[in-house]
Amino acid sequence: MIKNDLFLKALRGETVERPPVWMMRQAGRYLPDFMKLKEKYDFFTRCRTPELATEITVMPIHQVGTDAAILFSDILVVPQAMGVTIEMKPNVGPWLPTPIRSEKAVNQVVVPNVYEELGYVYEAIKMTKEALNDEVPLIGFAGSPWTILCYLIQGQGSKNFDKAKAFCYTEPKAAHLLLQKITDTTIAYLKGKVEAGVDALQVFDSWGGMLSPVDYQEFSWKYIQQIIDALKDEVPVIAFGKGCWFALDEMSKSGAAALGVDWTCSPQNARYLSGGKITLQGNFDPSRLLSPPKVIKKMVHEMIDAFGKDKYIANLGHGILPNIPVENAQAFVDAVKEYKA
């Protein structure tokens with residue numbers, strides 16, 4: 001039995017004394033100990049070495065005291081397993097020497113045996129579960145098929161993913177074939193994570209907000225729904241779409257255990273748009289962690305008051321930024337833990 005199961009209780013919609021708290025990208029670049037490992041090992045080496053992934057995953061549990069751990073990995077290990085070459089370039093981020101921009105290129109993308117190609121992730125989960133010793137739950141994750149497609153076609157990060165959108169609108173058949181291949185791989189990958197021992201899953205649709213509400217249904221949500229349908233009976237699934245407030249109504253009927261909300265949607269609107277019955281997670285602006293700790297604590301208490309303490313998981317509205325002082329991240333976590341309704 002997990003000793004601190006607040007996070008799982010919130011996902012089940014149970015009454016809690018205070019909301020659970022964790023931070024997206026909590027195992028990472030704001031922690032000095034992480035930066036030491038970064039100097040020694042390149043990004044994908046850290047992802048592919050179970051001992052390193054475990055050490056990084058556990059860091060924030062011991063250093064800032066979050067109520068859940070999220071496995072250190074990357075959404076792009078999935079397309080790598082599908083035979084796509086992806087590098088992590090300094091000051092650029094993800095970079096593809098050969099972006100996928102034709103039906104022929106889509107046909108060459110494989111749906112792999114996830115146990116062969118991504119065995120290192122499952123190994124990291126088993127090692128992390130051992131290291132956590134049932135202190136807190138472990139979250140596994142994947143990128144949404146749309147968000148992964150954005151990188152595969154654009155070839156790198158982008159402010160508008162214009163090439164990815166152009167491909168979807170001019171070559172819809174090829175785009176849907178690629179999205180389905182990513183979906184099938186992701187479902188198999190996440191089922192493997194559940195077998196390895198994760199307690200919950202999150203699907204990150206970081207670039208969902210790039211699409212209009214109509215296009216979101218066609219090119220993103222219907223694939224996320226397939227993932228939720230395949231996994232919701234095995235573990236709780238959190239769906240997080242950045243900039244996707246317009247889809248909260250449909251998302252709330254999906255079978256997801258919780259929905260992530262970014263900082264552009266107020267707690268009141270998020271509750272209203274999602275029908276008021278589903279657990280919500282979010283939505284502190286990551287940049288606000290640059291405020292003085294006293295201000296952070298006040299704002300966190302206001303955020304919890306606005307969402308309500310039940311059916312709520314305190315988190316950021318996106319990943320923590322690299323320039324956040326550890327004591328400010330600590331103030332965020334402590335503020336949730338000190339909350340009194």
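Q: At roughly what angle do the axes of helix α4 and helix α8 cross?
A: In this predicted model, helix α4 covers residues 50–63 and helix α8 covers residues 119–132. Their axes come within 8 Å, and the crossing angle is roughly 45°.

Q: Is α4 roughly parallel or oblique to α8?
A: Angles under 35 degrees count as roughly parallel. The axes of α4 and α8 cross at roughly 45°. That angle makes α4 oblique to α8.

Q: Is the crossing of α4 and α8 left-handed or right-handed, and how many nonpolar residues does the contact have?
A: The crossing is right-handed. On α4 the contact residues are P50, E51, A53, T54, T57, V58 and I61, and on α8 they are Y120, E123, A124, M127, T128, A131 and L132. By class, two are charged, three are polar and the nonpolar ones number nine.

Q: Which residues that line the largest pocket are the closest to its centre?
A: The largest pocket has a volume of about 1400 Å³. Elements that each supply at least two lining residues are α2, α3, β2, β3 and α9. The lining has 43 residues, and the closest to the centre are R25, R29, F43, D74 and M88.

Q: How many charged residues are in the lining of the largest pocket?
A: The lining divides by class into 24 nonpolar residues and eleven polar ones, while the charged residues number eight.

Q: How many charged residues line the second largest pocket?
A: This pocket has a volume of about 160 Å³. Its lining consists of G83, V84, T85, P97, T98, P99, I100, A105, Q108 and V109. Six of these are nonpolar and four are polar, and the number of charged residues is none.

Technical notes:
Residues are numbered from 1 along each chain as its sequence is written. This is a predicted model: local features need pLDDT of at least 70, side-chain atom pairs count only at pLDDT 80 or more; totals for chains, interfaces and linings use all residues. Side-chain values use heavy atoms; hydrogens and water are left out. Axes are lines fitted to C-alpha atoms, for helices over the stretch in contact, and angles run from 0 to 180 degrees between N-to-C directions. Helices (H or I, at least four residues) and strands (E, at least two) are DSSP runs, numbered from the N terminus. Angles under 35 degrees count as roughly parallel, over 145 as roughly antiparallel, 65 to 115 as roughly perpendicular and the rest as oblique. A crossing is left-handed if the near helix is turned anticlockwise from the far one by less than a right angle, and right-handed if clockwise. Contact means heavy atoms within 4.5 Å. Ala, Val, Leu, Ile, Met, Phe, Trp, Tyr, Cys and Pro count as nonpolar, Asp, Glu, Lys and Arg as charged, and the others, Gly among them, as polar. On a 1 Å grid over the protein atoms alone, a cavity is a set of points where a 1.4 Å probe fits but cannot get out, and a pocket is an open set with protein on both sides within 12 Å along at least five of seven lines; lining residues have an atom within 4 Å of a point. Grid points are joined across faces, edges and corners, and a volume is the space filled by probe spheres set on the points.
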